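Subject: Two-chain model, handover and findings

Hello,

Here is the structure for your review. My notes follow below it.

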Amino acid sequence: MSQTPANPLESTSTSNTTTINSAPNNAYNTSVTSATTNPSTISTTSTIQSSSNSKKQLYEQTSQYRNWRFSKKRLKDLREQANKSGVERVKKNMTEDLKLAETAPPKSQSSSPIQHYQNSPLPQSLQNSPLPASLQNSPRPSYTNSPRYGGGGGTPEDVQFLTADEELVICQYYEMIIQQIPATGFSEQLRATAIVFMKRFYLRNTVMDYHPKMIMLASLFLAAKCENSTIGHEEFRALMKKTSRVDLAKETLFQLELALSQSMNYEYAVHHPHKSAYGLYLDMQSYYSKDIKKIQKIYEKSKEHIKQSLLTDLTFFYQPSQIAMGCMRLASRSPKIAFDFDAYIREKFSGAQSKHSKDVSEQQLKDLFEILDDIEKTIESYTPVDKKKAQEYDLKLRSCKNPAKDPTSYISQKRKAIEKEEREAKRLKKQAANKAYQEELELVFLNQDNSFKSEH
Amino acid sequence: MFIEPDERDHQIRRKYNKTKKIGEGTYADVFEGTEIATGRKVAIKKIKLGKSQAGGANGIELSAVREIKALRELHHPNVIELLDCYSYRGNLNLVLEYLDSDLEMIIKDKTVIFESGHVKSWMLMTLRGLDHIHRNWIIHRDMKPNNLLVAPDGQLKIADFGLARDYGDGQEKNMSSQVVTLWYRAPELILGAQQYGAAVDIWSVGCIFAELMLRVPLFADESEFVVLDKMFQALGTPSEEDWPGMSLLPKTFKFKKYPKPPHLFQAATKAAIELIDKMLAFDPNKRVTAKEALSHTYFKAKPFPTHPSKLPKYSRPKSDDKHKIPARYYSSSEDSVTSSPAPTAPGGSGVGLPASSSVEPSSSSSSQQLSSVRKNKRKAEDLDSLNEDEEDSEGIRDQYQDQVCQEQRGHDNISKNRKKRPRKRIARILNYSSSPNVSE
């Protein structure tokens with residue numbers, strides 16, 4: 001099953017990741033605890049010292065470690081599977097919808113695709129796709145009208161579907177938007193959680209079913225609850241209307257929230273590099289008391305890198321503490337700071353004063369540096385999504401949306417009708433049963449009444 | 001293979017069989033069910049999302065989000081297990097371990113005699129579960145006997161995470177002080193602290209510890225300030241030295257000064273008294289942590305903690321069959337902490353004492369307090385005998401449930417037989433000052 005990758009790190013480039021994975025985290029735990037009483041990382045509390053590998057690390061018990069950690073290949077496969085099954089599903093629904101459309105009477109334009117699904121973040125000029133007036137009242141579903149295949153008459157086979165990579169670009173665009181939404185109430189942590197929620201959601205879904213803009217909003221709404229900054233739906237919707245020009249119906253928001261939860265396996269706890277970075281910041285000060293100003297700069301700079309790291313897939317590959325260390329190391333390399341971070345790590349893990357020298361071998365250190373190198377490389381090569389590209393794919397998306405998710409499409413109307421019928425049938429059945437029961441009851445009372453009379 | 005999220009939830013749903021509704025609440029219905037493959041009994045909590053609630057619907061209930069978030073991460077023998085989650089027709093369903101009694105019921109069941117090994121065992125399990133929770137940087141914020149469920153094998157499980165949240169995230173964000181049921185609420189919360197930590201749970205455990213020895217809630221009242229006053233009476237008003245920073249708390253005022261009285265639990269062993277004192281330290285920074293408490297000599301000294309399977313169980317009177325069981329699956333306060341009023345004090349429903357009369361207010365010395373406790377004990381016993389009569393008449397009505405009924409009667413007989421012997425011992429235990437070594 002897709003949600004439980006057996007050994008998620010099996011095919012990463014670093015072959016024996018599992019053993020080192022815990023090493024930096026471990027060693028780092030103890031030092032943080034010694035440096036400060038502040039709870040700076042989730043793993044600080046771990047009572048298990050680095051020497052004991054028999055018992056599971058606290059972080060290894062989290063749902064993030066158990067279910068949301070993948071090898072690079074596995075992640076790619078997951079996305080491709082989601083895309084492939086999505087395309088099949090949409091095709092099937094389109095065919096059915098078309099069939100229904102041919103038999104159905106023409107519907108008026110006013111009832112076609114609901115506003116919020118249509119309301120994409122594209123500039124106004126692009127939003128009104130050039131629909132020939134003659135097609136405005138056509139009974140054919142809107143996607144066949146798309147200019148992509150000659151403005152009508154095409155079959156689902158002609159539709160150009162988005163590829164997994166193209167889907168990813170659209171998603172990444174909206175993840176970026178999450179960090180930019182001008183709402184002071186949204187903390188860094190809340191935004192980070194919302195981004196991770198979105199990423200997890202699209203491992204099992206496709207943008208053809210759920211537009212990322214909608215999921216972005218649902219993610220923010222749910223993340224607020226998870227990060228102890230709950231916000232009422234009215235206030236939230238007003239805020240979103242103001243900041244991202246989406247008028248979201250209350251019911252849609254709640255529906256999406258549930259769909260989001262479902263796809264995330266109801267695992268709401270997300271761990272981010274922020275706390276670990278803070279822990280490292282405190283720990284470094286205890287090693288280099290003279291360089292506190294420099295360390296402060298490193299910490300500030302590392303925050304930027306953490307922000308960038310959230311927009312990459314690193315959260316699926318590495319532990320938060322590893323990402324934090326990578327970000328600090330990258331920050332200390334910047335020419336203005338030029339701090340020897342590797343020396344700090346060596347001092348910490350194998351120096352004369354180190355508490356960990358017995359537990360951390362030279363090979364483990366080498367592996368750690370390899371992980372850090374990979375993290376830094378990923379962050380350095382990160383480039384923000386090209387807005388034009390995102391818009392292009394978003395346009396393409398319009399012609400390959402799943403008609404079953406559009407409440408005005410023939411197929412979803414038919415489904416609604418069937419559901420209604422079922423409900424009605426159930427209601428009638430219940431009514432009949434109730435009536436029968438009442439009659440029986442009356443009969444009993446009647447008899448009792450009679451017997452009562454006869455007795456007296 | 002790729003499985004659509006919808007399909008996966010259907011698969012999960014089909015793993016279980018809902019048998020009957022056992023409770024209804026403002027935001028959730030609770031069903032009894034079985035896991036089809038194993039026959040294991042489960043409780044299915046269906047969270048209503050469609051219906052608007054009193055405070056106005058806001059999607060998935062915050063307390064449900066909190067509960068799921070915490071329980072998905074916590075796996076420990078002394079924490080209730082969330083087996084599965086699924087949504088169906090727009091509702092969210094939580095599949096939980098089925099547990100049919102809680103510590104409150106056992107405390108109130110006056111037919112059960114607590115030996116010191118029992119108390120130690122319950123404390124041990126509570127602290128083990130709590131340590132696991134705290135280790136995961138979660139605070140429970142509603143520890144009370146009613147939320148400590150007891151499994152058929154005697155294992156105690158901490159439940160109801162509707163108020164739980166993570167703490168110590170370094171963001172220094174303010175938290176609501178309107179948490180934890182009043183009787184178990186730590187002094188810093190009553191004084192309005194908005195920055196607090198795991199110590200609030202420890203205070204509650206200290207109160208539970210005392211309750212296990214006294215068989216009545218330690219600081220029971222409906223008003224925050226009477227509760228606070230009771231704390232000061234029982235433990236002595238803390239000085240600025242005892243609790244630095246106390247005077248800086250938002251709701252602080254000029255307290256009435258009570259001297260530190262002779263100890264409340266004279267019958268307990270030295271180790272037990274020491275531990276309870278450490279849990280009920282006014283200064284949260286001086287209060288023991290769950291981990292420290294676990295390595296306290298109390299748990300190493302004799303008598304050793306009783307094995308869970310040998311702990312007394314609750315034998316359920318039929319009269320409150322319907323209402324009692326499900327209640328514990330609800331959150332005591334459903335709404336968001338910031339917007340909701342204070343969690344209400346637990347109503348003294350069911351067998352025990354009426355809430356307000358359990359300890360009479362303003363008894364100035366501990367001995368006076370104890371005498372009132374004793375008085376209430378007697379009241380409770382009278383109540384018990386009343387309940388017994390009710391049970392018998394109820395039994396006749398329920399004859400169609402023959403099997404269940406027979407089982408129940410078996411229980412009743414046992415407890416009735418048991419009752420004769422221990423009466424004397426209750427009296428002895430209550431007589432704290434004269435027989436110092438009985439309760440420990």
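How many residues of chain A are in contact with how many of chain B? The answer is 38 residues of chain A and 30 residues of chain B. Two residues are in contact if their C-beta atoms, placed from the backbone, lie within 7 Å.

First, the ground rules. This is a predicted model: local features need pLDDT of at least 70, side-chain atom pairs count only at pLDDT 80 or more, and totals for chains, interfaces and linings use all residues. Residues are numbered from 1 along each chain as its sequence is written, while chains are lettered from A and ligands numbered from 1 in the order in which they are written.

**Interface, side of chain A**

Four helices of chain A each supply at least two residues of the side that touches chain B: H3 (72-103), H8 (212-226), H10 (250-263) and H11 (273-287). H10(A) gives the most, with seven residues. Helices (H or I, at least four residues) and strands (E, at least two) are DSSP runs, numbered from the N terminus. By class, this side of chain A has 14 nonpolar, 19 polar and five charged residues. Ala, Val, Leu, Ile, Met, Phe, Trp, Tyr, Cys and Pro count as nonpolar, Asp, Glu, Lys and Arg as charged, and the others, Gly among them, as polar.

**Chain A**

Chain A has 18 helices and zero strands. Of its 456 residues, 42% are buried. Buried means 20 or more other C-beta atoms within 10 Å of the residue's own, exposed means 12 or fewer, and partly exposed is in between, with C-beta atoms placed from the backbone. Among contacts between residues at least 6 apart in sequence, 78% join residues at least 24 apart.

The UniProt annotation "coiled-coil region" (unreviewed entry) covers residues 411-438 of chain A. Such annotations may be inferred rather than shown by experiment; positions are in the numbering used here, and feature names are shortened. That span of chain A is 100% helix and 0% strand, and its end C-alpha atoms lie 40 Å apart.

**Chain B**

The domain assignment gives domain 1 (5-97) and domain 2 (101-310) of chain B. Such bounds come from an automatic or database assignment. The C-alpha centres of the two domains of chain B lie 29 Å apart. Their contact takes 12 residues from domain 1 and 18 residues from domain 2.

Helix H7 (residues 224-235) of chain B has 12 residues, so at 1.5 Å a residue it should span 16 Å; its end C-alpha atoms are 17 Å apart, which agrees. The expected span is 1.5 Å times one less than the number of residues. Buried residues of H7(B) include Val227(B), Leu228(B) and Met231(B). The buried residues of H7(B) pack against helix H5 (187-190) of chain B. Just after H7(B), Gly236(B) takes a positive phi of about 85°.

The UniProt annotation "active site" (unreviewed entry) covers Asp142(B). Asp142(B) sits in the loop between strands S7 (138-139) and S8 (148-150) of chain B. Asp142(B) is buried, with 27 other C-beta atoms within 10 Å.

**Confidence**

The model scores ipTM 0.74 and pTM 0.74. Where pLDDT is low, the predicted coordinates should not be read in detail.

Best wishes
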